Amino acid sequence: MSAALDIQGLTTRFDTRGGTVTAVDDVSFSVDRGRIMGLVGESGSGKSVTGFSILGLIDEPGRVTDGRVIVEETDLRSLSPDHLRSMRGRKVSMVFQDPMMTLNPVLRIGDQMAMAVRVHEPMSKAKALERARDALGTVGIPSPEERLAAYPHQLSGGMRQRVAIATALLHRPAVIIADEPTTALDVSIQGQILAEVRRLADETHTAIVWITHDLAVVSSLADDICVMYAGKIVERGTAEEVIGQPRHPYTRGLLDSVPGQHAPGTHLPQIPGSTPQLSHLPSGCPFRNRCPRATQLCASAPPLARFGDHTALCHHPLETT
Amino acid sequence: MTAPLLEIDTVSKRFPLKATLADKVAARLAGRSAGGAVHAVTDVSLTVERGEVVGVVGESGCGKSTLGRIVSGIYAPTEGTVLLDGKPVATGREDHVNKLTTRVQMIHQDPFASLNPRMKVGETISEGPRTHGIVSAAEVGDKTRALLEQVGLRGDYADRLPHQFSGGQRQRIAIARALAMQPDLLVLDEAVASLDVSIQAQVLNLFLDLRRDLGLTALFISHDLSVVRHVCDRVAIMYLGRVVELASAERLYAEPKHPYTQALFASVPTLGTGRQDFRPIKGEIPSPIDPPPGCAFHPRCPFAGPRCRVEIPRLTDAGAGRTVACHLNDGGVGQEAAA
Ligand SMILES: Nc1ncnc2c1ncn2[C@@H]1O[C@H](COP(=O)(O)OP(=O)(O)OP(=O)(O)O)[C@@H](O)[C@H]1O
Ligand SMILES: Nc1ncnc2c1ncn2[C@@H]1O[C@H](COP(=O)(O)OP(=O)(O)O)[C@@H](O)[C@H]1O
Ligand code: SF4
Ligand code: SF4
Ligand SMILES: [Mg+2]
Ligand SMILES: [Mg+2]
């Protein structure tokens with residue numbers, strides 16, 4: 001079976017005053033139907049720009065300079081702007097950290113969802129409202145019929161995010177890109193949404209890219225994980241592989257620095273230095289000024305080390321843990 | 001035994017709501033009084049011993065920051081008293097906020113908003129101690145450099161402006177500024193919440209070092225259960241303005257007792273291999289304007305009984321220094337009437 005989403009060599013650059021920076025650097029991964037890919041990294045690592053690049057939503061001063069974005073056999077980058085727009089929301093849709101990026105504050109939930117349905121599929125408003133109601137039910141919104149009449153501000157943050165996810169689902173897209181969708185929510189509400197998303201992937205076979213900085217969230221939700229650092233995917237594998245036996249020194253450092261797995265009150269293992277600025281990256285491996293395993297070799301671009309399908313972009317990957 | 005450094009005694013804080021004309025009309029029609037109030041904190045009692053770090057945990061809007069601000073003397077409580085070293089920080093009378101506040105220093109979540117962008121870091125750190133006569137003018141420069149070094153920065157950073165620093169560095173500066181006042185108590189409100197994990201670990205390590213070297217006493221407010229486990233001795237769990245469980249971190253994490261604490265722990269994704277079976281709490285957090293009667297958790301609680309719907313559970317002893325506010329721990333939830 002071919003992947004629902006297949007990305008090859010995606011590269012996005014921004015022209016800044018300090019010169020051109022590569023925010024997404026030769027990114028490749030694919031997601032099969034019904035699977036959840038966790039894209040994890042610290043702030044500024046390029047997660048959001050990757051999401052926007054997939055949907056062709058990069059504006060000046062940025063541009064996607066390279067790569068293919070294949071959704072169900074169509075390369076989105078080869079499409080005309082009109083054709084691309086018709087794919088967005090229908091074949092591939094996006095959910096943002098702030099649900100108000102999706103929702104219109106002055107329209108009732110039902111009206112805006114019905115509009116979103118009818119943009120791509122002509123049908124009666126009554127039918128579109130039915131579709132909207134069903135989508136609200138799918139994401140676990142209680143009494144969806146009544147919610148159709150509500151305005152966004154009448155709903156809690158968690159409910160608004162569910163409405164945004166339901167809106168993304170209206171056309172049963174092949175792919176959903178979700179960018180930090182639960183970061184602003186409380187854990188009890190996040191737990192509810194993660195449970196629904198897991199069920200969605202299993203039941204509707206949507207392929208989901210779940211972007212987050214939260215390692216605990218990806219480890220408990222995702223099937224596969226890509227770890228990003230300074231615009232590059234530095235490690236990729238199944239969740240079991242990446243969390244259970246990380247191969248890249250950055251992934252190892254990141255996992256170790258999460259509190260909760262160490263004796264209380266003891267020093268946490270920490271990665272030295274600060275998160276990188278794209279305009280000031282070291283040559284070769286971008287992690288080498290913080291890496292405990294760095295050698296002279298690391299001043300040259302690291303190769304992709306393979307452990308079956310589990311890969312790490314590193315000269316000296318961890319052999320055992 | 002000496003008295004605890006901080007004693008919070010049955011403190012409540014209500015924020016009156018400004019009723020609009022429409023609210024008043026609606027209230028009149030519904031036969032209730034207009035206005036109302038946000039019940040941000042209700043009947044909270046908590047002590048912090050010298051050298052102790054007590055965590056305050058709960059979901060958004062449960063009253064953590066409000067409690068922290070009361071302890072810092074920023075808000076006066078509507079009822080109750082807060083004593084620092086036996087002396088009132090603030091009492092229920094609005095006009096009686098005692099400005100002992102230099103002895104309590106608060107560190108906030110947002111390292112970008114909490115520093116004056118136009119003030120050199122050194123001035124930011126030394127401003128408080130100078131105006132309160134904590135350091136002499138002659139010592140100020142040395143003291144500031146020493147503080148910067150103590151929080152892991154270079155002494156000569158004193159001449160730089162905040163925008164030249166990363167989030168983690170700014171949080172170190174905020175810590176240095178608080179320490180400069182030589183406070184008896186630190187109130188940290190989500191102090192590491194906005195930091196990346198690798199930077200969060202650095203700041204938590206700094207906090208642990210300072211705690212060891214200076215014997216810090218702190219109220220550590222956070223929604224992050226694993227961070228709290230790592231740095232706190234005792235932990236208070238809050239729900240809708242009330243403390244529902246209070247125990248040593250060790251006991252609490254080994255065996256949460258209150259149904260809300262249990263549900264919260266079950267909702268949190270944990271780092272580990274294998275898909276997690278999420279068992280989320282059903283329903284939403286009710287509004288603090290009109291909290292449910294009886295136990296505020298009853299609409300979401302799997303164990304709720306008739307007593308829970310009418311009677312507010314008191315904090316009762318659950319052994320080994322733990323207190324829990326749940327009828328299950330205090331005579332039972334009552335029998336459902338036979339249908
Ligand atoms: N100055 C104020 N005026 C009116 N209501 C307020 C005020 N400050 C806080 N509240 C309300 O009091 C309740 C408790 O707020 P508080 O900020 O203490 O919550 P919190 O536990 O710190 O939440 P978070 O995790 O989101 O920071 C909330 O319902 C909030 O809206
Ligand atoms: N419009 C823009 N102009 C210049 N640089 C940008 C722009 N948008 C994003 N970037 C840069 O791209 C990098 C990746 O950003 P982003 O994808 O938002 O990170 P993440 O989502 O992982 O936190 C950052 O260094 C950011 O500064
Ligand atoms: S290539 Fe070298 S510097 Fe980069 S992660 Fe691997 S060992 Fe570290
Ligand atoms: S008092 Fe009743 S409703 Fe409240 S937590 Fe205990 S069992 Fe649940
Ligand atoms: Mg982002
Ligand atoms: Mg708060």
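The model is predicted, so local features are taken only at pLDDT of at least 70 and side-chain atom pairs only at pLDDT 80 or more, while totals for chains, interfaces and linings use all residues. Residues are numbered from 1 along each chain as its sequence is written, chains are lettered from A and ligands numbered from 1 in the order in which they are written, and side-chain values use heavy atoms, with hydrogens and water left out.

Chain B comes up with strand β7, residues 185-189. Helices (H or I, at least four residues) and strands (E, at least two) are DSSP runs, numbered from the N terminus. In β7(B), 5 of the 5 residues are buried, where buried means under 20% relative accessible area, exposed means over 50%, and partly exposed lies in between (1.4 Å probe, protein chains only). In a regular strand the side chains alternate between the two faces of the sheet. Here B:Leu185, B:Val187 and B:Asp189 point one way, B:Leu186 and B:Leu188 point the other way, and all are buried.

Two strands count as paired if DSSP finds at least two bridges between them. On that basis β7(B) pairs in the parallel sense with β6(B), residues 104-107, over 4 bridges, and B:Gln105 has B:Leu186 as its bridge partner. Strand β8(B), residues 218-222, also runs parallel to β7(B), again with 4 bridges, and B:Val187 stands opposite B:Leu219 there. To get from β7(B) to β8(B), the chain passes through helix α6(B), residues 197-214, in a right-handed β-α-β crossover. Right-handed means that, with the strands pointing away from the viewer, the path from the first strand over the helix to the second runs clockwise.

Ligand 1 sits among 13 residues, and the closest are B:Ser60, B:Gly61, B:Lys64, B:Ser65 and B:Thr66; a residue counts as near if one of its heavy atoms lies within 4 Å. Polar contacts are pairs of N or O atoms within 3.5 Å; within protein, one must be able to donate a hydrogen and the other to accept it, and residues adjacent in sequence count only if both atoms are side-chain atoms. A polar side-chain atom of B:Ser60 is 2.6 Å from an oxygen atom of ligand 1, and a polar backbone atom of B:Gly61 is 2.8 Å from an oxygen atom of the ligand. The side chain of B:Tyr75 brings an N or O atom to 3.4 Å from a nitrogen atom of ligand 1. On its own ligand 1 has 640 Å² of accessible area, and the protein covers 65% of that, by the Shrake-Rupley method with a 1.4 Å probe (for residues, only the protein chains shown count as cover). Both β2(B), residues 37-48, and α2(B), residues 64-71, supply at least two shell residues each, and the largest share, 3 residues, comes from α2(B). The shell splits into 6 nonpolar, 5 polar and 2 charged residues. Ala, Val, Leu, Ile, Met, Phe, Trp, Tyr, Cys and Pro count as nonpolar, Asp, Glu, Lys and Arg as charged, and the others, Gly among them, as polar.

Over in chain A, the surroundings of ligand 2 include A:Phe14, A:Glu42, A:Lys47 and A:Leu278. An oxygen atom of ligand 2 is 2.8 Å from a polar side-chain atom of A:Ser48. For the backbone of A:Val49, an N or O atom is 2.8 Å from a ligand oxygen, and for the backbone of A:Ser45 the distance from a polar atom is 3.2 Å. The protein buries 64% of the 560 Å² that ligand 2 exposes when taken alone. Helix α1(A), residues 47-54, and strand β1(A), residues 5-16, each give at least two shell residues, with the largest share, 3 residues, from α1(A). By type, the shell holds 4 nonpolar, 6 polar and 2 charged residues.

Ligand 3 has 13 residues around it, and A:Cys285, A:Cys291, A:Cys298, A:Cys314 and A:His315 come nearest. Its shell divides into 8 nonpolar, 3 polar and 2 charged residues.

That leaves the single residues. A:Gly110 lies in helix α3(A), residues 109-120, and counts as buried because its relative accessibility is 1%. A:Gly140, in the loop between α4(A) and α5(A), counts as partly exposed at 27%. A:His171, in the loop between α6(A) and β7(A), is buried at 10%, and a polar atom of its side chain lies 3.0 Å from the backbone oxygen of A:Ala116.
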